[in-house]
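Okay, thanks for coming, everyone. I'll walk you through one structure today, and I'd like you to keep it open while I talk.

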Amino acid sequence: MDYVVEISEVPVQPAAVVKAYVEATQLPQFFGPAFGEVLEAVGRQGRAVTGPPFGRYIPRDGGFDVTAGFPVDGAVTAAGRVTPDELPGGTVATTLHVGGYDAVAAAYEAATTWLEQHDLAVTGVPWESYLDGPEVPEPRTRVCVPCGPRS
């Protein structure tokens, strides 16, 4: 797949999330319930979701420290596993992956390669936003990589 990488400036976005360590094989089972918990907590607190669900992954010990949630219209109060968080503002490289979630890594590779070719560096933890649900045969996933000048 050919990936088009674009640079944009994004504002900080308040978010409500569930964080957990998840084995790679358990990722599909983690997201649905985590997103459900977030939506329930956001609704109970009178907040509104302002964008698609997202996930952030930090590899650790054969699995991932995962953050799963939604951008929201203001700060939330911690409730159960749901905690306040934010998506960072600043310069972000984005690209769109179309296809199975198991192949999204290619979009990350394309974005980081593009950054290197344009003398830019990753400056924070990337995230991916799920524009379609897993029931869609070719779901769209937007990959966002915080970036800045290489130092």
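Before I start, one term: when I say a residue is buried, I mean that its relative accessible area is under 20%. And keep in mind that what you're looking at is a predicted model.

With that, go to strand β8. Trp127 and Ser129 point one way from this strand, Glu128 and Tyr130 point the other way, and all of them are buried.

Who are the neighbours of β8? On one hand there's strand β3, residues 54-60, which is joined to β8 by two bridges, and the two run antiparallel. Gly55 has Glu128 as its bridge partner there. Then there's strand β9, residues 140-149, also antiparallel to β8, with four bridges between them. In that pairing Tyr130 stands opposite Thr141.

Now follow the loop between β8 and β9, and you'll come to Glu135. Buried or exposed, this one? It's exposed: its relative accessible area is 65%, and the cut-off for exposed is over 50%.

How many aromatic pairs does a search of the whole structure find? Eight. Take Phe30 and Phe31: their ring centres are 5.5 Å apart and the planes sit at 75 degrees, so that's an edge-to-face pair. Both of these phenylalanines are buried.

Phe31 also pairs with Tyr130. Here the centres are 5.9 Å apart and the planes are at 70 degrees, so this pair is edge-to-face too. What I like about it is that it links distant parts of the chain: Phe31 is in helix α1, residues 27-44, and Tyr130 is in β8, residues 127-130, which puts them 99 residues apart. Again, both partners are buried. Zoom out a bit, and you get one aromatic cluster made of Phe30, Phe31, Phe35, Tyr57, Phe64, Phe70, Tyr101 and Tyr130.

Next, the nonpolar core. The largest one has 18 residues, and Ala16, Phe30, Phe31 and Val38 are the ones touching the most other members. Which elements each supply at least two residues of this core? That's β2, at 13-23, then α1, and β4, at 63-71. The biggest giver is α1, with eight residues. As for Phe30, leaving aside residues up to four places away in sequence, it touches Val18, Ala20, Val22, Val66, Ala68 and Arg81. There's also a second, separate core of ten residues, and among its members are Val5, Val143, Val145 and Cys147.

Last bit, the whole chain. We've got two helices and nine strands, and from the N terminus on they run β-β-α-β-β-β-β-α-β-β-β. With 151 residues, a compact globule would have a radius of gyration near 15 Å, and the chain has 15 Å, so that agrees. The C-alpha trace spans about 45 × 30 × 30 Å along its principal axes. Buried residues make up 36% of the chain. And if you take contacts between residues at least 6 apart in sequence, 74% of them join residues at least 24 apart.

That's my tour, so over to you.

Notes:
Residues are numbered from 1 along each chain as its sequence is written. This is a predicted model: local features need pLDDT of at least 70, side-chain atom pairs count only at pLDDT 80 or more; totals for chains, interfaces and linings use all residues. Side-chain values use heavy atoms; hydrogens and water are left out. Rings of Phe, Tyr and Trp (its six-membered ring) pair if their centres lie within 6.5 Å; planes under 30 degrees apart count as stacked, over 60 as edge-to-face and the rest as tilted. Buried means under 20% relative accessible area, exposed over 50%, partly exposed in between (1.4 Å probe, protein chains only). A nonpolar core is a set of buried Ala, Val, Leu, Ile, Met, Phe, Trp, Tyr and Cys residues joined through side-chain atoms within 4.5 Å. Contact means heavy atoms within 4.5 Å. Two strands pair if DSSP finds at least two bridges between them. The radius of gyration is taken over C-alpha atoms; the globule rule is 2.2 Å times the number of residues to the power 0.38.
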